[in-house]
Amino acid sequence: MSKLQLVENRVSVPIAQAHQIGVQVLQASGCYAPLAQAIVDHLIDAELCGVESHGIVRALQYGEEFKRGYLVANVTPTVTAELGATLDVDGQGGIGILAMDAATKAGIDAARKHGVCAIAVRNTGHTGRLGAFAEKAADAGCLFIACGGGARERWRMVAPHGGSKAVLPTNPWCLGIPGGARGPVVLDCATGQIAGGWIYAARRAGAMLPEGAIVDRHGNPTTDPADYFDGGAILPKGGVLGYGLATMAELICDAMLGPAIVECNTFVLMVDTSRYRATSSLQNAAEAILDELRNCPPAPGFGRVEVCGEREQIRRAQMSVLHLPARTWEALVTHQ
């Protein structure tokens, strides 16, 4: 599932050892043990799901951001619900993973009470793998719709469709819903052809990127992450589709929620699906839809038709060790 075109071998690392090293990296940067544990739990889960761009390599990024004061290491997000079904989550300038976890827990409770809940998450750093929060909400019977954005002035990464200069961030969209017999169905994607984390992971690992993901400063296709950092740009996912979704996310998370204070704002909608259909009926209907998709004859070059989110679930269940780029693991062990 990795998008990294490595020139070196990977190393096999026991999950517990990778977790321990990740916690040590964050603690060395001033993060208290319980918070470091929670953050690294999230990163290891992303790694197990095959989302290497949001995996344990991010511990190095977060640690550096704690050290230079970009993020506040030891804060607890606050949740206010003055209007009941409308929640505000203040990340207090800390890592967005903890703020999104608080938002998801509060949102589930509010959706069950009111039927629907709208959540604004502000004043945070990187929010991690949004799919993890969508899974949690869907497991609780909620439809989860989220988008992030509002940080284009600091994170100009993606060229608009038809443009050659980076203007927008990789504004993610994530949707999750209770599925059939195999659990929630989750769509989690950046609106750029590739998430920014893959580019940073590639540079860290000394790897190349897939073709069609980035262009250099002159708008020419390239696979070298160095070209991106030298004024290049990520292409929008699916051309005009990714561009349109990124624009909507920027409008929602900036024009509506206000300028992002740290890294980005996130807007979340949660709906209690039982208000529309009994859980068993929804599950049966979902399974019929998904089963039809899975049984579609595969096109040339494909082994089978997959349902979004299931590959991550399968991989998580099968993984017993992590296979990390050698350079990345060395950097984690040395905290550099």
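In which handedness of crossing does α1 pass α3? In this predicted model, α1 passes α3 in a right-handed crossing. Helix α1, residues 15–28, packs against helix α3, residues 58–67, at an angle of about 10 degrees and with the two axes 8 Å apart; because angles under 35 degrees count as roughly parallel, α1 and α3 are described as roughly parallel to each other. The contact brings G22, V25, L26 and A28 of α1 against A59, L60, Y62, G63, F66 and K67 of α3, and the residues of this contact divide into seven nonpolar, two polar and one charged.

The structure holds 18 salt bridges, among them one in which the side chains of D45 and R129 meet at 3.2 Å, N to O. Since D45 lies in helix α2 (residues 33–48) and R129 in the loop between β4 (116–124) and α5 (130–139), the pair ties together parts that are 84 residues apart in sequence. R129 has 4% relative accessibility and therefore counts as buried.

Another salt bridge joins the side chains of R316 and E135 at 3.0 Å, N to O, and this pair links distant parts of the chain, with R316 in helix α10 (residues 310–318) and E135 in helix α5, 181 residues apart. R316, at 26% relative accessibility, counts as partly exposed, whereas E135, at 12%, counts as buried. D45, R129, E135 and R316 are linked in a network of salt bridges.

A further salt bridge is formed by E306 with R311, whose closest N and O atoms are 2.5 Å apart. Here E306 counts as partly exposed at 36% relative accessibility, and R311 likewise counts as partly exposed, at 39%.

Terms used:
Residues numbered from 1 in each chain as written. Predicted model: local features only at pLDDT ≥ 70, side-chain atom pairs only at ≥ 80, totals over all residues. Heavy atoms only, no water. Axes fitted to C-alpha atoms, helices over the stretch in contact; angles between N-to-C directions. Helix = DSSP H or I, 4+ residues; strand = E, 2+ residues; numbered from the N terminus. Parallel < 35°, antiparallel > 145°, perpendicular 65-115°, else oblique. Left-handed = near helix turned anticlockwise from the far one by under 90°. Contact = heavy atoms within 4.5 Å. Nonpolar A, V, L, I, M, F, W, Y, C, P; charged D, E, K, R; others polar. Salt bridge = Lys/Arg side-chain N within 4 Å of Asp/Glu carboxyl O. Buried < 20%, exposed > 50% of the residue type's maximum accessible area, 1.4 Å probe, protein only.
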